[in-house]
Amino acid sequence: MFIGYARVSTQDQNLDLQLTALADFGCAKVFQEKVSGKNTERPELKKLLAQLRAGDSVVVWKLDRLGRSIQDLISLVELFKSNDVNFVSITDSIDTSTAMGRFTFNIFASLAQFEREIIRERTNAGLSAARARGRKGGRPSGLSKEKIKDAEQIKILFDAGRNIEDIKKTFKVSQATIYRYVKLINERDAQAETQLVNS
């Protein structure tokens, strides 16, 4: 089933162009959102994520209608992939059910990894400078490289309002681990934003 997601940033804007494109594409259902992409509270996106089933395709008019950033977009598409859900961006001619669409997203994923490495370097440099001035910083406890991807996907599901029991079963983790992962990712992102502002 093709499931559409349409979003505009303010109440004054209208969704007509996106809704027409999604209808023409064949979307049986469309979730409509009027909220800034920077806002982490996107209730319609939460509803969409909660209703996805294997074999579905999430369809948007343009990439920036779904993700708040490259990293957010990549995390969502990886989440779709892990649940056997495809992703289509009409204007950008991307369809992850095709070889070319997957190739395009591999490039995006590489760019997102590059962005993460730069943020990590800046964060480490900032922490080193803080320690040199006698201050301590950083997370109370860290995540291994292998666990970061799981933690990011768990946070997406958690933010989307997915049932805790479902997340526990999917990732084979405890409820305490879910809350710890969400806390660590939030702290990491907040720290990265601070580093970027101060750089």
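Of the 199 residues of the protein chain, 38% count as buried, where buried means under 20% relative accessible area, exposed means over 50%, and partly exposed covers the values in between, as found with a 1.4 Å probe on protein chains only. The model is a predicted one, in which local features need pLDDT of at least 70 and side-chain atom pairs count only at pLDDT 80 or more, whereas totals for chains, interfaces and linings use all residues. Residues are numbered from 1 along each chain as its sequence is written, and side-chain values use heavy atoms, with hydrogens and water left out.

The protein chain contains 7 helices and 5 strands, these being DSSP runs numbered from the N terminus, with helices (H or I) of at least four residues and strands (E) of at least two. Along the sequence, the elements follow the pattern β-α-β-α-β-α-β-β-α-α-α-α. Among contacts between residues at least 6 apart in sequence, 66% join residues at least 24 apart, a contact being a pair with heavy atoms within 4.5 Å. Glycine 26, in the loop between helix H1 (16–25) and strand E2 (29–34), is partly exposed at 40% relative accessibility. The C-alpha atom of glycine 26 is separated by 9.6 Å from that of valine 59, although the two residues are 33 residues apart along the chain.

The largest nonpolar core has 33 residues, a nonpolar core being a set of buried Ala, Val, Leu, Ile, Met, Phe, Trp, Tyr and Cys residues joined through side-chain atoms within 4.5 Å. The residues with the most contacts inside this core are Leu48, Leu49, Leu52, Leu66, Phe80, Phe87 and Phe105. Two or more residues are given to this core by each of strand E1 (2–8), helix H2, strand E3 (57–60), helix H3 (70–82), helix H5 (145–159), helix H6 (164–171) and helix H7 (175–198), and the largest share, 6 residues, comes from H3. A second, separate core has 7 residues, including Ala6, Val8, Leu22 and Cys27.

In helix H2 (residues 43–51), the buried residues include Glu44, Leu45, Leu48 and Leu49. These four lie on the same side of H2, because they cover an arc of only 140 degrees around the axis, the arc being that of the directions from the helix axis to the C-beta atoms. Phenylalanine 87, when its neighbours within four places in sequence are left aside, is in contact with Val58, Val60, Leu63, Leu66, Leu73, Val77, Phe80, Ile94, Asp95, Thr96 and Phe105. Glutamine 153, which is found in helix H5, is buried with a relative accessible area of 7%. Residues up to four places away in sequence not being counted, glutamine 153 touches Glu78, Leu79, Ser82 and Phe171.

On a 1 Å grid over the protein atoms alone, a cavity is a set of points where a 1.4 Å probe fits but cannot get out, while a pocket is an open set with protein on both sides within 12 Å along at least five of seven lines, and lining residues have an atom within 4 Å of a point. The structure holds 2 cavities of 30 Å³ or more, and the largest cavity has a volume of about 60 Å³, a volume being the space filled by probe spheres set on the points, which are joined across faces, edges and corners. The largest cavity is lined by Leu49, Leu52, Leu79, Phe80, Asn83, Val85, Leu157 and Arg162.

The second largest pocket holds about 340 Å³ of space, and of the 17 residues that line this pocket, Val77, Glu78, Lys81, Arg102 and Phe105 are the closest to its centre. At least two lining residues are supplied by each of H3, strand E4 (86–89), helix H4 (99–132) and H5, with the largest share, 6 residues, coming from H3.

Two loop residues have backbone angles of note. Most residues other than glycine have a negative phi. Aspartate 84, in the loop between H3 and E4, has a positive phi near 60 degrees, and this residue is exposed at 55% relative accessibility. Serine 93, in the loop between E4 and strand E5 (94–95), likewise has a positive phi, near 55 degrees, and serine 93 is exposed with a relative accessible area of 66%.
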